[in-house]
Each structure stands twice: as C-alpha cells, then as structure tokens.
Amino acid sequence: MSNDPFVIAGTALKSRLFIGTAGYPNQQVMLDSLEASGAELVTMSIRRISLDTYSGSLVDLLGDRCRLLPNTSGCVTARDAILTAELARESLATDWVKLELIGDRETLYPDVEQLVHAADELVRKGFVVLPYCNDDPVTCQKLADVGCAAVMPLGSLIGSGRGIANPAAIELICTRSSVPVVLDAGIGTASDAALAMELGCDAVLVNTAISKAHDPIAMAAAMKAGVEAGRLARLAGRIPKRTMAEPSSPQLGLVGT
Amino acid sequence: MIRLKINGVDEEITATTIAQLLAARGIDPGARFLAVAVNGEVVRRATWDETAINAGDAVEIVRPLQGG
C-alpha cells in the first residue's frame, strides 16, 4: 500500500510480512514461497561451517531480491548473541539483527534479562536491533528504551502454530509502543496474521506456518493476503463489539405493521 | 603445527595466519559471506592475510544459513 508507509530505523519496507527461510521441503519451494509472499525482509541464521562440506551459500540464491535479517537463534548467553550479531554484520554487511536470546530449550521463551542487556550492548555498537521478546508491555518498553528499532513479541511459542495466545497483551503493546511492533512466532494460518495486524501490529514474521504448510507457496500467498486484509481492517476501524443484536435493515416501513 | 580450537573442535594445523588456516582446511578465503572470529573477536576479512593465529586460540568460522 503506497499510501501506508512502513518504516523501521529510517528504512521504508515494501511489505509488512517478514518471512523465515528455514524448514522448506527444498530450496526452490523456499524461493517460490518468498516470491509469493511479497516479503522484502527475510531472516537467516548464522552457523559454524561444516569443515568438510562447505559449498556456496543460500545468500547467493536470494541474490538481490530481498533484504536479509540475520538472527541470533539458539543463543543462550548475551555474549554469544553479541558475537553472532557481529559475525552476521561481517558476513552480510548489514547492521540489522533479529536478536534472540533463549532462556528455555523446551519453550524457546526469551531470557528477558539477557535480552535487554544484549540489546543495549548491540545498540551501542551501532546495530539496528529487532528483539524477539515476550508479549509483555514492560519488557517491550525496556527494549524500546535501550534503543531497539522495533519490538517483536511472540504470539505463542515458536513453531507451535497456536496463533495469538494473548490478544489483549499484544493490543496493549501496540497501543503503548514507541517503536514498530512485529508479531513474531506462533502464527499458524492466515487469520492469525490478519488478527495481529487488526490488533495494531505493524508487521508479522512468519516461518514455520509457511514452510511446513501442505503447500508452502499457496500459504505464502495466503499470509500476504492476511497481512494486507488485517492492515486494511485496522486502518478502516472495526465496529465496537455489542452484547445484543443491532438490526442492520431499516426498522421503519416493515410489512404488516 | 599448532593446536587450537576450530568451531569448537580441537585441531592441529600448520598455519600462522587466518588466511592460511582457511586454506589448510580447504576453505576458499575468497568465498563470499564467510566470517571469522578469534577468541570472541571478529577478524575483518581485509586483515585475514596478516592476522596471526596462535596455539590455544578459539576460532569460529561461520556463514549464513536458513533461519527463522
């Protein structure tokens, strides 16, 4: 939507849908899904190379078609996350980083204490920090206060597909946040993405719901439509919810009265 | 021959610089998107030829991969 600009850290982004690159049946499906999603910002991880089989890189395939957002997925200490971000900056020549600091292997819940510390440090080092965080307005506020360019609260657990577990919390975060809010994690289908946008999120990040769908390319298109529909609905302004019915047809001139 | 840790694994290698270490492991130092850190500090690509490695160093060699 050309009259509805979306800007993070001074950079205008064409799409409010960010997508991940992991878990697709194969690379071609990933590339076709990326195309169908219309996403501009695409996440990647940074990993040790295999000393036996290093050959080329996914980045060569993605070429110039998108803006890359490296993550620090899997990091459990601020020190490792900061080093991973610095390696990503060297590798991909981008200051942008999706900061993940995992506090629990089973739920992949963020470790808030380390997250805020690492975010603070990375901002000081000149990074554009987009932290994956809890759906908690206080945490989001702290992250914005240390200079994060956006906050990325979870809808529900990573990869769970359970949608937005606490819509009221997400709405509250969106109302209060001084930086863009990107719903990250938990999206299961297009209506979840639409709901996120209706609640006031500025964008949505989706990976598993697309890559593990029966038809990832079709789901990528569905997510694109969901995000656009949700954004339009948000701007349009929904009607208030009522307890009782409110007739939509005129009440004058009823036949037989 | 020096002993050091490459990507978390103890290795013995004949190399005195980052560039030599990569070459010794069959990694093209010119490969795009590689990044290297030694003892927790990123070593810029432009300095791989002259950055010395020493026994006991912990070297990380990474590249971007699929991620969410």
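**Exercise 1. A turn in chain B**

Which residue takes a positive phi in the hairpin of β1(B) and β2(B)?

*Solution.* Before starting, note that this is a predicted model, in which local features need pLDDT of at least 70, side-chain atom pairs count only at pLDDT 80 or more, and totals for chains, interfaces and linings use all residues. Residues are numbered from 1 along each chain as its sequence is written, while chains are lettered from A and ligands numbered from 1 in the order in which they are written.

Step 1. Find the two strands, where strands (E, at least two residues) and helices (H or I, at least four residues) are DSSP runs, numbered from the N terminus. β1(B) and β2(B) are antiparallel partners joined by five bridges, and strands are said to pair if DSSP finds at least two bridges between them. Within this pairing, B:Arg3 stands opposite B:Glu12 in β2(B).

Step 2. Look between the strands: the hairpin has two residues there, and the residue with a positive phi, near 50°, is B:Asn7.

Step 3. Judge whether the value deserves attention. Most residues other than glycine have a negative phi. B:Asn7 has a positive phi although it is not a glycine.

Step 4. Classify its surroundings. A residue is buried if 20 or more other C-beta atoms, placed from the backbone, lie within 10 Å of its own, exposed if 12 or fewer, and partly exposed in between. B:Asn7 counts as partly exposed because it has 16 C-beta neighbours inside 10 Å.

**Exercise 2. Strands and helices of chain A**

*Solution.* Step 1. Chain A has nine helices and 10 strands, and three of its strands form an open sheet in the order β6-β7-β8, with parallel pairing. The strands at the edges are β6 (96–99) and β8 (152–153), each with a single partner strand, so one side of each has no neighbour in the sheet.

Step 1. Follow one pairing in detail. Four bridges join β6(A) in the parallel sense to strand β7 (residues 128–133) of chain A, where A:Trp96 stands opposite A:Val128.

Step 2. Turn to a pair of helices. Helix α3 (residues 78–92) and helix α4 (residues 112–124) of chain A pack at an angle of about 35°, with their axes 9 Å apart; axes here are lines fitted to C-alpha atoms, for helices over the stretch in contact, and angles run from 0 to 180 degrees between N-to-C directions. Among the residues that make the contact are A:Ala81 and A:Ile82 of α3(A), together with A:His117 and A:Leu122 of α4(A).

**Exercise 3. Where the two chains meet**

How many residues does the contact take from chain B and from chain A?

*Solution.* Step 1. Two residues are in contact if their C-beta atoms, placed from the backbone, lie within 7 Å. Between the chains, the contact takes 21 residues from chain B and 27 residues from chain A.

Step 1. On the side of chain B that touches chain A, the elements giving two or more residues are β3 (35–38) and β5 (58–66). The largest share, seven residues, comes from β5(B).

Step 2. Follow β5(B) across to its partner in the other chain. Strand β4 (residues 41–48) of chain A and β5(B) pair in the antiparallel sense over five bridges, and the bridge partner of A:Ile46 in β5(B) is B:Pro64.

Step 3. Return to chain B itself, where β5(B) also runs parallel to β1(B), joined by two bridges. In this pairing B:Lys5 stands opposite B:Ala58 in β5(B).
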